[in-house]
Amino acid sequence: MSGDVSALAALEKSPFPNPVGTTGASDCYSAVVLGGTFDRLHDGHRHLLKASADLARERIVVGVCAGAMLAKKELSDMIEPIEVRMKAVEDISSSLQSIKPGLTVQVEPIIDPYGPSIVDDKLDAIIVSKETLTGGLSVNKRRSEKGLQQLQVEVVDLLPSELNGEKLSSSMLRRLAAEKIKREQAGCEKTIPSQTSKDP
């Protein structure tokens, strides 16, 4: 929680104009960018993508983490392959485009924390969660160094899990999957009789 507060405080003191988005309106920006792992696509991801579509008039750029970006993730060995995760985002994007014709959604892998957010000069805003506010600040710092316009930082709240009130996240779903595998393995070990060798 303290991380959220310090990130908000940093953004509010940021030299960038209107650093934290509070518009609540739709079609505010021509183009927006967001990024994430998008593992085991869940309602939190759908909420984030839907909010991005609401805010964008023309284009959404979605970066999907790959390679070294996954190394420090919890239970990283259980993260779905990049092809599966990108396909899941593309499927959601198709449904968003059916609701909002004319909206372009670019989905691409990213191997660093910035991806297209620090090279695309046509972007207007970056969509983040409270947990990734500092990432939005970092993007704007890099854009400033490159002489690109600053992005409005729009904050979208994540959804609580229906299970225990914990924030819905891919890491939580991986933990649940790992626990299920352990229970299944433990059950198998109990049902398989131990085999001891006997002399003839």
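1. Helices and strands here are DSSP runs, numbered from the N terminus. By that count, D120 sits in the loop between β4 and β5. The model is a predicted one.

2. Although D120 belongs to a loop, this residue is buried, because its relative accessible area is 14% and the cut-off for buried is under 20%. The D120 side chain forms a polar contact of 2.8 Å with the side chain of R59. Apart from neighbours within four places in sequence, D120 has R59, V61 and R143 in contact with it.

3. From β5 the chain passes through helix α4 (residues 133-145) to β6, a right-handed β-α-β crossover. Strands β5 and β6 (residues 152-155) run parallel and are joined by four bridges. In this pairing, A125 is opposite Q152 of β6.

4. The largest nonpolar core contains 24 residues, and L34, F38, L49, I60, V62 and V89 have the most contacts inside it. Two or more residues each come from β2 (29-36), α2 (43-55), β3 (56-65), α3 (82-99), β4 (104-110) and β5 (125-128). The biggest share, five residues, is from α2.

5. What does F38 touch, leaving out residues up to four places away in sequence? The list is H45, L49, V62, G63, V64, E80, R85 and V89. Of these, L49, V62 and V89 are also named among the residues with the most contacts inside the largest core.

Conventions: Residues numbered from 1 in each chain as written. Predicted model: local features only at pLDDT ≥ 70, side-chain atom pairs only at ≥ 80, totals over all residues. Heavy atoms only, no water. Core = buried A, V, L, I, M, F, W, Y, C linked by side-chain atoms within 4.5 Å. Buried < 20%, exposed > 50% of the residue type's maximum accessible area, 1.4 Å probe, protein only. Contact = heavy atoms within 4.5 Å. Pairing = 2+ DSSP bridges. Right-handed = clockwise from strand over helix to strand, strands pointing away. Polar contact = N/O pair within 3.5 Å; in protein donor to acceptor, adjacent residues only side chain to side chain.
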